[in-house]
Amino acid sequence: MLFDHELAWKDPDVYNEVYRTSIEFSEQFWEYHRARLFAESNYNASFNCVDRHAAKNPNKTALVWYGDEFCERREITYIKLLIMVQKIASELLRRGVRKGDSVTICMPMIPESIAAMLACCRIGAIHNVVFSGFSPVALRERVFRSASRMVLTVTSSSRGGKLIPSLKNVLTAIDGLNAEILLLDHVDDFSIDERAVHPTPMDYADSMFTLYTSGSTKEPKRIFHTCGGYQLYSAMTFQYIFDAKESDTYFCTSDIGWITGHSYITYAPLFFGLKSVIFSGTPMYPTGGRYWDIIEREKVSIFYSAPSAIRCLASLGNDMLSNYDFSSLRALGCVGEPMNESAWEWFFNNIGQKRCPIMDTWWQTETGGIMLAPLHNISLQKPCFAAKPFFGVVPDIQNDELVILKKNWPGLSSNFARDDGQIYHTGDKAMRDEDGDFRVLGRIDDVVNISGHRLGTSEVESIVNSLGEIEESAAIGIPHRIKGQALCIFATTTSTLEPEQKESVAREISSRIRQDIGAIAKPDKIVFIPELPKTRSGKIKRNILKIIGEKKKIDYESGDLSSLVNLNCIKDIETAMQRAIKPMV
């Protein structure tokens, strides 16, 4: 039996053979790699991500942090990270936190946040990271539902030039709850308890962390991941999809409040002892060159970001790019939502300089790690295609929905691994081309049914985004008394347009859609807005646009709104909806 991933990721023929083996001999396949990656059978993530690297190469850089302003930079070695982790773990133990207890972490993107996650792992506590941009209402719900006895935070932070009153928000959130606060502003002042010197032994199936998925409901879903299976899968996917090496400098622009920040900022890169860059600012503050400046300064070799960020930066044009050196890059990645062709081409041509492959990855909070991705340096690069399944993953398309057969990959959330059914329903719409490569088109409910014709909104958005005047767009279905649903498009523009210019652009949008899809897809309304409603991870909150499009009342107490970067944009969108253009073509 052929199990050698390293050969498989260099030769497409060998990949096919290893992939077949991973399906036909699944148990042996995962056991082989479990034994290889966990030679000491130690499943404590703190040991795997910090202790063994601090012992081997203590002065190697583990984390480089960049803050809101250009001057804010910190460098943390593996030995320094180990001491931080031991000190936070000690303080948790002194306050009575034990193995199996839930601890909520609500912190900005700083080294102490990652140390806090690892400190929980060190003592066997189950961390529950909550995005620091959430409102007190959303935070309270997650603290209460997870039964956390401790909330870790800092006094305040800044992002995009704005102060975030973290402590004030946490105090409001836990008022009346049985939880206390541990401030991590001055971790150096903590002392090390001998109980935290060595990591707590953890079994393969022990719970490692929980994470709440965001959605359109007021009750987010709590996802559990276990120590062994989660680490095994996230580490393997990172190493082989990105061809990650210990010598790489890696930069992922996500936030630890999301699963990408867990798997591909905290656990997988540190598992292999990489130097990782973390950033607590925004790509547009104080200028639109923050990502590129960091890549040049740190000589980043692997860059992983969100399509919405790429589209936003692409809208600034190419003139500024000549100021930066991208020669250190050898691999790019995108995650979070479907990429559109024009953004993919811009990313590949200008940032990757036509030589860096783009790992267009698809996965979910529930899967623990990447499920579909191109193969590094051997796959034919197809814009917007997630392409091939990872080893052990059996994808299929049923009624337009991407499903995963045989729920036996180790990264799958224990919520689903225990279910009787053998099919994992993703809820995402997808297609497969003649080569067997997959392209994920967005949520299955992001489909407009116009007079019985089902139209994927991502297809419409790709057409709209190809216009030079359009920065970004989101398409939804709105009620129509004859058609059932009609198409409504929300769009942001690359520059301010006068009313007559908006009319012209709206006509062009309608014409292009008619031309590329058909007359049935002609939009009923086009709404020009200053900003799309997005989470900090870059996801467009289409459910909010649907509420506005259907002229329903926004529930501002909903926990779902707390994930928005800018809550004020809702009023602007509601106002713009009243001035929507009905294109006449």
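Strands β3 (residues 102–105) and β4 (residues 126–129) run parallel in this predicted model, and four bridges join the two. As a bit of background, strands of a sheet pair through backbone hydrogen bonds, and the pairing can be either parallel or antiparallel.

So what do β3 and β4 belong to, and in what order do the strands of that open sheet come? The sheet has six strands, and reading across gives β8-β5-β3-β4-β9-β10. The pairing is mixed. At the edges stand β8 (180–183) and β10 (221–226). Each of these edge strands has a single partner strand, so one side of β8 and one side of β10 are left without a neighbour in the sheet. The sheet isn't flat, either: going from one strand to the next, the twist averages 25 degrees.

Next comes the surface. Here I83, I192 and V197 make up a nonpolar patch of about 190 Å². One of these residues, I83, is found in helix α5, which covers residues 78–94. Is I83 buried, partly exposed or exposed? With a relative accessible area of 33%, I83 is partly exposed, because that value falls between the 20% limit for buried residues and the 50% limit for exposed ones.

To begin with, the peptide bond from Y285 to P286 is cis, and its omega is near -10 degrees. P286 is found in the loop that links β12 (275–279) and α11 (290–298).

A387 is not a glycine, yet its phi is positive, near 70 degrees. This alanine lies in the loop between β16 (372–373) and β17 (388–389). K551, also not a glycine, has a positive phi of about 60 degrees. Its place is in the loop between α17 (542–549) and α18 (569–578).

Which of the two labels, buried or exposed, goes with A387, and which with K551? A387 has a relative accessible area of 5% and is therefore buried, since the cut-off for that label is under 20%. K551 comes out at 67% relative accessibility, so this lysine counts as exposed, the cut-off here being over 50%. In short, a positive phi turns up in the buried A387 and also in the exposed K551.

Definitions and conventions
Residues are numbered from 1 along each chain as its sequence is written. This is a predicted model: local features need pLDDT of at least 70, side-chain atom pairs count only at pLDDT 80 or more; totals for chains, interfaces and linings use all residues. Side-chain values use heavy atoms; hydrogens and water are left out. Buried means under 20% relative accessible area, exposed over 50%, partly exposed in between (1.4 Å probe, protein chains only). Two strands pair if DSSP finds at least two bridges between them. Axes are lines fitted to C-alpha atoms, for helices over the stretch in contact, and angles run from 0 to 180 degrees between N-to-C directions. Patches are made of residues with over 30% relative accessible area and no salt bridge: like charges are joined within 9 Å, nonpolar side chains (Val, Leu, Ile, Met, Phe, Trp, Tyr) within 5 Å. Accessible areas come from the Shrake-Rupley method with a 1.4 Å probe; for residues, only the protein chains shown count as cover. A salt bridge is a side-chain nitrogen of Lys or Arg within 4 Å of a carboxyl oxygen of Asp or Glu.
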